[in-house]
Amino acid sequence: WEKSIPPMPTPRKWPCVVTYHSSIAACGGYGGDQYSNVDIVEVFNSDTSLWFTAAPLPVACEGTHVTVINDTCYLGGSGGEEDGNMSIMCASLPSLFQSTTPHNQVWTMLPDLPHGGSALTNMGGTLLALGGGAESPSEDIHAYCPNTKAWVKIGSLPQAYGAATAELLP
């Protein structure tokens, strides 16, 4: 590291992290004052070396997956079905990283994932959910169709994965 940064205002573990230009956002996680899942979003601006609190997530979550498609951040897939953590939400990155008023509503909820714990990735501009399911791991690959606002099964992984991460390289 070339320079040190001040500590994040809300200590927590398992946040989802996304970068945009010279800033980084820590979304959700486990901790805060109540030691539970949190909806807090805090952004570090490397130009000013300051943290600010951005618009909160609509659902408190930890261990989520994130991917970016055309300046839109998609976040979700934490936990398993028994935890009820199948929520997925999205936000425009410019809106998120400029939402210095925590009450701004920048997040939009999408239909629940087919399986909690699914890895999210971007394939050619399409949002994919791979595997998932804590108690009963899945090999399903689903694509999100914005026109119908639904998840569609498009294939299968070679084996089932209950909790995985994924990134497709160009």
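**Basis and confidence**

The model is predicted: local features need pLDDT of at least 70, side-chain atom pairs count only at pLDDT 80 or more, and totals for chains, interfaces and linings use all residues. Residues are numbered from 1 along each chain as its sequence is written, and side-chain values use heavy atoms, without hydrogens and water.

The predictor's confidence in each residue is its pLDDT, on a scale from 0 to 100. The protein has a mean pLDDT of 84. A value of 70 or more is reached by 88% of its residues. Over residues 79-84 the pLDDT falls below 50. Beyond near neighbours in sequence, that stretch still has 14 contacts in the model. A contact means heavy atoms within 4.5 Å.

Among the elements, helix α1 (residues 93-97) has the lowest mean pLDDT, 85. Strand β15 (residues 150-161) has the highest, 94. Both kinds of element are DSSP runs numbered from the N terminus: helices are H or I with at least four residues, strands are E with at least two.

**A three-strand sheet**

Three strands form an open sheet in the order β1-β4-β5, with antiparallel pairing. The edges are β1 (12-13) and β5 (36-37); each has a single partner strand, so one side of each is left without a neighbour in the sheet. Strands of a sheet pair through backbone hydrogen bonds. Here, two strands pair if DSSP finds at least two bridges between them. Two bridges join β1 to β4 (residues 30-31). Lys-13 has Tyr-30 in β4 as its bridge partner.

**Arg-12**

Arg-12 lies in strand β1. Its relative accessible area is 13%, so Arg-12 is buried. Buried means under 20%, exposed over 50% and partly exposed in between, with a 1.4 Å probe and protein chains only.

| Side chain | Backbone oxygen | Distance |
|---|---|---|
| Arg-12 | Ala-26 | 3.4 Å |
| Arg-12 | Gly-28 | 2.6 Å |

Leaving aside neighbours within four places in sequence, the contacts of Arg-12 include Tyr-30, Val-38, Ile-40 and Glu-42.

**Leu-120**

Leu-120 sits in strand β12 (residues 119-123). This residue is buried too, with a relative accessible area of 2%. Leu-120 and Tyr-74 are 46 residues apart in sequence. In space they are 8.0 Å apart, C-alpha to C-alpha. Tyr-74 is also one of the contacts of Leu-120 beyond four places in sequence. Others among them are His-65, Ile-88, Leu-113, Leu-128 and Ala-166.

How values were computed: Polar contact = N/O pair within 3.5 Å; in protein donor to acceptor, adjacent residues only side chain to side chain.
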